[in-house]
Amino acid sequence: MAAAAVPAVRCSLLQRRPLRCGPGLRPVPGGGAALRLCSTRVAREGINKPVIDRIIRVDHAGEYGANRIYAGQMAVLGRSSVGPVIQQMWNQEKIHLKKFNELMVAYRVRPTVLLPFWNVAGFVLGAGSALLGKKGAMACTVAVEESISEHYNNQIRTLIEEDPEKYKELLQVIKQFRDEEQEHHDIGLEHDAEATPAYSVLKTAIQLGCKAAIFLSERI
Ligand SMILES: [Fe+2]
Ligand SMILES: [Fe+2]
């Protein structure tokens, strides 16, 4: 439930005493209202913390996984004709990941415990699809980016339903990244992703994996 009724004075107290909000730190005498806010882990004025935690955690995991996929593809196809195209998409994923790293700190969100698993799984998916050839790598890109675009669209709907003004910054980030993931998807199609043997089977399998990854990363 959104804590929309938090008076401004409490937030100014919170901003003056940021160190008291750290995990494991105990209330000090005179902390008053600011400490009550800390104990409920509200780091920003009136946000719906469980919703924002889930959104930032899963998006960070997704961008981390995307980076590992492109790393895997580059390990196999880096010197081929599609190397620069993959590198260009990877560069954008690096910016996406950096942004979510910053947002995790700003909103005090912990990463998913599954990061070590996504590290390996992402690289294996990227390298494995690239071993099928350039079209295989692009089929993987189309499948993953379509899932991520759809996922970002769902989050945009959620944040607009919550409060578009309150989540303006986050909405702006997610909308921009959604557009860039959509571009990656289109680049994949332009590079003959659909000509991969068993394209629809491959795409369905990868997208099932993406759904499972999203489900898990939102929760643990
Ligand atoms: Fe991304
Ligand atoms: Fe992407």
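Student: What percentage of the 220 residues in the protein chain is buried?
Tutor: Buried residues account for 36% of the 220 residues. Please bear in mind that this is a predicted model.

Student: And how many helices and strands does the secondary structure come to?
Tutor: The protein chain has eight helices and zero strands. Along the sequence the pattern is accordingly written α-α-α-α-α-α-α-α.

Student: Of the contacts with a separation of 6 or more, what share comes from residues 24 or more positions apart?
Tutor: Such residues account for 77% of those contacts in the protein chain.

Student: How far apart are its end C-alpha atoms, and what span should one expect?
Tutor: The end C-alpha atoms of H3, which covers residues 49–77, are 41 Å apart. At 1.5 Å a residue, the helix should span 42 Å, so the two values agree.

Student: Which residues have the most contacts inside the largest nonpolar core?
Tutor: They are Ile-86, Cys-140 and Val-144, in a core of 40 residues. H3, H4, H5, H6, H7 and H8 each supply at least two residues of this core. The largest share, twelve residues, comes from H3.

Student: What does Val-144 touch, beyond residues up to four places away in sequence?
Tutor: Val-144 touches Ala-66, Ile-69, Ile-206 and Cys-210.

Student: Now the annotations. Which residues does UniProt list for "binding site"?
Tutor: One "binding site" annotation, from an unreviewed entry in UniProt, lists Glu-93, Glu-145, Glu-181 and His-184. These residues are spread over 92 residues of sequence, but they cluster in space, with a largest C-alpha distance of 11.2 Å.
Tutor: A "binding site" annotation in UniProt, also marked as an unreviewed entry, covers Glu-63, Glu-93, His-96 and Glu-181. Here the span is 119 residues in sequence, yet no two C-alpha atoms are more than 10.3 Å apart, so the residues gather at one spot.

Student: Where is Glu-93 placed, and is this residue buried or exposed?
Tutor: Glu-93 is in helix H4, residues 83–106. It counts as buried because it has 23 C-beta neighbours inside 10 Å, and the cut-off for a buried residue is 20 or more. Leaving aside neighbours within four places in sequence, Glu-93 is in contact with Glu-63, Ala-66, Asn-67 and Tyr-70.

Student: What about Glu-63: which helix holds this residue?
Tutor: Glu-63 lies in helix H3 and is buried, with 23 other C-beta atoms within 10 Å.

Student: Which helix contains Gly-188?
Tutor: Gly-188 is found in helix H7. The C-alpha atoms of Gly-188 and Ala-143 are separated by 9.1 Å, although these residues are 45 residues apart along the chain.

Definitions and conventions. Residues are numbered from 1 along each chain as its sequence is written. Chains are lettered from A and ligands numbered from 1 in the order in which they are written. This is a predicted model: local features need pLDDT of at least 70, side-chain atom pairs count only at pLDDT 80 or more; totals for chains, interfaces and linings use all residues. Helices (H or I, at least four residues) and strands (E, at least two) are DSSP runs, numbered from the N terminus. The expected span of a helix is 1.5 Å times one less than its number of residues. UniProt positions are given in the numbering used here, feature names are shortened, and annotations may be inferred rather than shown by experiment. A residue is buried if 20 or more other C-beta atoms lie within 10 Å of its own, exposed if 12 or fewer, and partly exposed in between; C-beta atoms are placed from the backbone. Two residues are in contact if their C-beta atoms, placed from the backbone, lie within 7 Å. A nonpolar core is a set of buried Ala, Val, Leu, Ile, Met, Phe, Trp, Tyr and Cys residues joined through C-beta atoms within 7 Å.
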